[in-house]
Amino acid sequence: MTPAEALPWGIAGLSAVAAAAYAFAYSRACRRAAQLEVESARLREEPKTNEYRLERFDLVWYPAVTYAERDKLVVKAASGVPHCKACVAPLSSSGKGWKCPGCQTMRPETIADTAATDSVMKEALRFFLQRRADYRVAPELERFK
Ligand SMILES: [Zn+2]
(Lines give C-alpha, C1' and ligand atoms only; values in the text may rest on other atoms or scores of the structure.)
Protein backbone atom coordinates (compact mmCIF):
# COMPACT_ATOMS: atom_id res chain seq x y z
CA MET A 1 0.00 0.00 0.00
CA THR A 2 1.41 3.39 -0.98
CA PRO A 3 1.03 6.39 1.39
CA ALA A 4 -1.54 7.90 -1.00
CA GLU A 5 -3.64 4.72 -0.82
CA ALA A 6 -3.51 4.85 2.98
CA LEU A 7 -5.39 8.16 2.95
CA PRO A 8 -9.12 7.62 2.71
CA TRP A 9 -9.70 10.60 0.33
CA GLY A 10 -6.35 10.60 -1.40
CA ILE A 11 -4.13 13.61 -2.18
CA ALA A 12 -6.91 15.46 -4.03
CA GLY A 13 -9.17 15.16 -0.98
CA LEU A 14 -6.45 16.47 1.30
CA SER A 15 -5.81 19.41 -1.05
CA ALA A 16 -9.50 20.27 -0.99
CA VAL A 17 -9.53 20.21 2.83
CA ALA A 18 -6.40 22.38 2.96
CA ALA A 19 -7.92 24.82 0.46
CA ALA A 20 -11.12 25.04 2.50
CA ALA A 21 -9.16 25.62 5.72
CA TYR A 22 -7.13 28.33 4.01
CA ALA A 23 -10.29 29.99 2.63
CA PHE A 24 -11.84 29.93 6.10
CA ALA A 25 -8.74 31.47 7.76
CA TYR A 26 -8.45 34.04 4.98
CA SER A 27 -12.08 35.16 5.30
CA ARG A 28 -11.67 35.36 9.08
CA ALA A 29 -8.56 37.54 8.68
CA CYS A 30 -10.44 39.77 6.22
CA ARG A 31 -13.35 40.20 8.64
CA ARG A 32 -10.91 41.05 11.46
CA ALA A 33 -9.09 43.56 9.24
CA ALA A 34 -12.43 45.22 8.42
CA GLN A 35 -13.33 45.35 12.14
CA LEU A 36 -9.96 46.94 12.95
CA GLU A 37 -10.45 49.52 10.19
CA VAL A 38 -13.83 50.48 11.66
CA GLU A 39 -12.32 50.68 15.17
CA SER A 40 -9.43 52.79 13.91
CA ALA A 41 -11.80 55.21 12.14
CA ARG A 42 -13.88 55.49 15.32
CA LEU A 43 -10.77 56.28 17.38
CA ARG A 44 -9.69 58.94 14.88
CA GLU A 45 -13.09 60.63 15.20
CA GLU A 46 -13.34 60.35 18.97
CA PRO A 47 -12.30 63.55 20.80
CA LYS A 48 -8.92 63.37 22.50
CA THR A 49 -7.85 65.08 25.70
CA ASN A 50 -4.52 66.65 26.55
CA GLU A 51 -3.82 67.18 30.23
CA TYR A 52 -1.36 69.80 31.42
CA ARG A 53 0.29 70.48 34.74
CA LEU A 54 0.39 74.07 35.93
CA GLU A 55 1.50 75.71 39.15
CA ARG A 56 -0.68 78.73 39.85
CA PHE A 57 -1.70 80.51 43.05
CA ASP A 58 0.59 78.23 45.07
CA LEU A 59 -1.39 75.20 43.90
CA VAL A 60 -0.97 72.50 41.26
CA TRP A 61 -3.60 72.24 38.54
CA TYR A 62 -4.19 69.61 35.87
CA PRO A 63 -6.28 71.43 33.27
CA ALA A 64 -7.53 69.44 30.30
CA VAL A 65 -8.15 70.46 26.70
CA THR A 66 -10.40 68.18 24.64
CA TYR A 67 -10.24 68.36 20.86
CA ALA A 68 -11.61 66.72 17.72
CA GLU A 69 -8.71 65.93 15.38
CA ARG A 70 -10.84 65.49 12.29
CA ASP A 71 -12.49 68.93 12.67
CA LYS A 72 -9.37 70.58 14.14
CA LEU A 73 -11.60 71.98 16.85
CA VAL A 74 -11.15 72.42 20.59
CA VAL A 75 -14.46 71.25 22.02
CA LYS A 76 -13.83 71.60 25.76
CA ALA A 77 -11.42 73.04 28.28
CA ALA A 78 -11.49 72.48 32.02
CA SER A 79 -9.32 73.73 34.87
CA GLY A 80 -9.65 70.57 36.94
CA VAL A 81 -9.56 70.45 40.73
CA PRO A 82 -6.79 72.37 42.56
CA HIS A 83 -4.12 70.15 44.15
CA CYS A 84 -1.92 70.82 47.18
CA LYS A 85 1.53 71.80 45.94
CA ALA A 86 3.29 69.94 48.80
CA CYS A 87 1.28 66.69 48.70
CA VAL A 88 0.05 66.82 45.08
CA ALA A 89 -3.29 65.63 46.48
CA PRO A 90 -6.60 66.93 45.12
CA LEU A 91 -8.15 69.46 47.51
CA SER A 92 -11.74 69.04 48.54
CA SER A 93 -14.14 71.90 49.09
CA SER A 94 -15.75 71.83 52.51
CA GLY A 95 -17.87 74.95 52.15
CA LYS A 96 -15.51 76.84 54.48
CA GLY A 97 -12.58 76.46 52.12
CA TRP A 98 -10.39 73.93 50.38
CA LYS A 99 -8.75 71.24 52.49
CA CYS A 100 -5.79 69.04 51.63
CA PRO A 101 -6.40 65.40 52.63
CA GLY A 102 -2.63 64.97 53.07
CA CYS A 103 -1.31 67.87 55.19
CA GLN A 104 -4.77 69.07 56.31
CA THR A 105 -3.92 72.63 55.22
CA MET A 106 -7.01 74.79 54.72
CA ARG A 107 -7.13 77.31 51.90
CA PRO A 108 -9.76 79.96 51.32
CA GLU A 109 -12.69 79.26 49.01
CA THR A 110 -11.42 82.01 46.68
CA ILE A 111 -8.38 79.96 45.54
CA ALA A 112 -10.62 78.19 43.05
CA ASP A 113 -13.13 80.92 42.24
CA THR A 114 -14.20 81.57 38.67
CA ALA A 115 -11.38 84.03 38.02
CA ALA A 116 -8.78 81.46 39.13
CA THR A 117 -10.27 78.54 37.18
CA ASP A 118 -10.76 80.73 34.10
CA SER A 119 -7.13 81.81 34.17
CA VAL A 120 -5.98 78.17 34.46
CA MET A 121 -8.21 77.21 31.50
CA LYS A 122 -6.86 80.15 29.48
CA GLU A 123 -3.30 79.02 30.15
CA ALA A 124 -4.07 75.43 29.09
CA LEU A 125 -5.80 76.63 25.94
CA ARG A 126 -2.85 78.90 25.15
CA PHE A 127 -0.44 75.93 25.54
CA PHE A 128 -2.59 73.83 23.24
CA LEU A 129 -2.97 76.50 20.54
CA GLN A 130 0.75 77.29 20.59
CA ARG A 131 1.42 73.75 19.39
CA ARG A 132 -1.63 73.49 17.13
CA ALA A 133 -2.08 76.85 15.47
CA ASP A 134 -4.39 75.31 12.82
CA TYR A 135 -7.07 74.54 15.44
CA ARG A 136 -10.19 76.61 16.08
CA VAL A 137 -12.03 76.72 19.39
CA ALA A 138 -15.72 76.07 19.96
CA PRO A 139 -17.74 79.35 20.22
CA GLU A 140 -18.26 78.93 23.99
CA LEU A 141 -14.47 78.83 24.46
CA GLU A 142 -13.68 81.97 22.41
CA ARG A 143 -13.58 84.11 25.57
CA PHE A 144 -10.76 81.96 26.97
CA LYS A 145 -8.45 82.54 24.00
ZN1 LIG B 1 -1.12 68.95 51.34
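**View 1. Phe57 and Asp58 sit in the loop between E2 and E3.** Phe57 is found in this loop, between strands E2 and E3. Strands (E, at least two residues) and helices (H or I, at least four) are DSSP runs, numbered from the N terminus. The model is a predicted one: local features need pLDDT of at least 70, side-chain atom pairs count only at pLDDT 80 or more, and totals for chains, interfaces and linings use all residues. Residues are numbered from 1 along each chain as its sequence is written. Most residues other than glycine have a negative phi. Phe57 is not a glycine, yet its phi is positive, about 55 degrees. Asp58, also in the loop between E2 and E3, has a positive phi near 65 degrees. Are these two residues buried or exposed? Phe57 is partly exposed, because 16 other C-beta atoms lie within 10 Å. Asp58 is exposed, because it has 11 other C-beta atoms within 10 Å. The cut-offs are these: buried means 20 or more other C-beta atoms within 10 Å of a residue's own, exposed means 12 or fewer, and partly exposed is in between, with C-beta atoms placed from the backbone.

**View 2. E2, E3 and E6 form an open sheet.** The three strands stand in the order E2-E3-E6, and the pairing is antiparallel. Two strands pair if DSSP finds at least two bridges between them. Strand E2 (54-56) and strand E6 (83-84) are the edges, each pairing on one side only. Strand E3 (residues 59-61) is joined to E6 by two bridges. Which residue of E6 stands opposite Leu59? That residue is Cys84.

**View 3. E7, E8 and E9 form another open sheet.** The order is E7-E8-E9, with antiparallel pairing. E7 and E8 run antiparallel and are joined by two bridges. Ser93 has Trp98, in E8, as its bridge partner.

**View 4. Gly102 lies in the loop between E8 and E9.** The loop runs between strand E8 (98-99) and strand E9 (106-107). Gly102 is partly exposed, because 14 other C-beta atoms lie within 10 Å. Which residues does Gly102 touch, not counting those up to four places away in sequence? They are Cys84, Cys87 and Ala89. Contact here means that C-beta atoms, placed from the backbone, lie within 7 Å. Take Cys87: Gly102 is 15 residues from Cys87 in sequence, but the two are 6.1 Å apart in space, C-alpha to C-alpha.

**View 5. Helix H3 has a buried face.** H3 covers residues 114-131. At 1.5 Å a residue, its 18 residues should span 26 Å, and its end C-alpha atoms are 26 Å apart, which agrees. The expected span is 1.5 Å times one less than the number of residues. Val120, Met121, Ala124, Leu125 and Phe128 of H3 are buried. Seen down the axis of H3, the buried residues fall within an arc of 135 degrees, so they line one face of the helix. The arc is that of the directions from the helix axis to the C-beta atoms. On the other side of H3, Ala115, Arg126 and Gln130 are exposed. What covers the buried residues of H3? Strands E1 (48-51), E2, E3, E4 (64-68), E5 (73-78) and E10 (136-137) are included in that cover.

**View 6. The largest nonpolar core has 13 residues.** A nonpolar core is a set of buried Ala, Val, Leu, Ile, Met, Phe, Trp, Tyr and Cys residues joined through C-beta atoms within 7 Å. Val65, Val74, Ala77, Met121, Ala124, Leu125 and Phe128 touch the most other members. E3, E4, E5 and H3 each give two or more residues to this core. H3 gives the most, with five residues. Ala124 touches Tyr52, Pro63, Val65 and Ala77, not counting residues up to four places away in sequence. Another core, of five residues, lies apart from the largest one; among its members are Cys84, Leu91, Trp98 and Cys100.

**View 7. Helix H2 is hardly covered.** H2 runs over residues 10-45. Its 36 residues should span 52 Å at 1.5 Å a residue, and its end C-alpha atoms are 53 Å apart, which agrees. How many of the 36 residues of H2 are buried? The count is zero. The domain assignment, automatic or from a database, gives domain 1 (3-45) and domain 2 (48-144). The C-alpha centres of domain 1 and domain 2 lie 52 Å apart.

Technical notes. Contact = placed C-beta atoms within 7 Å.
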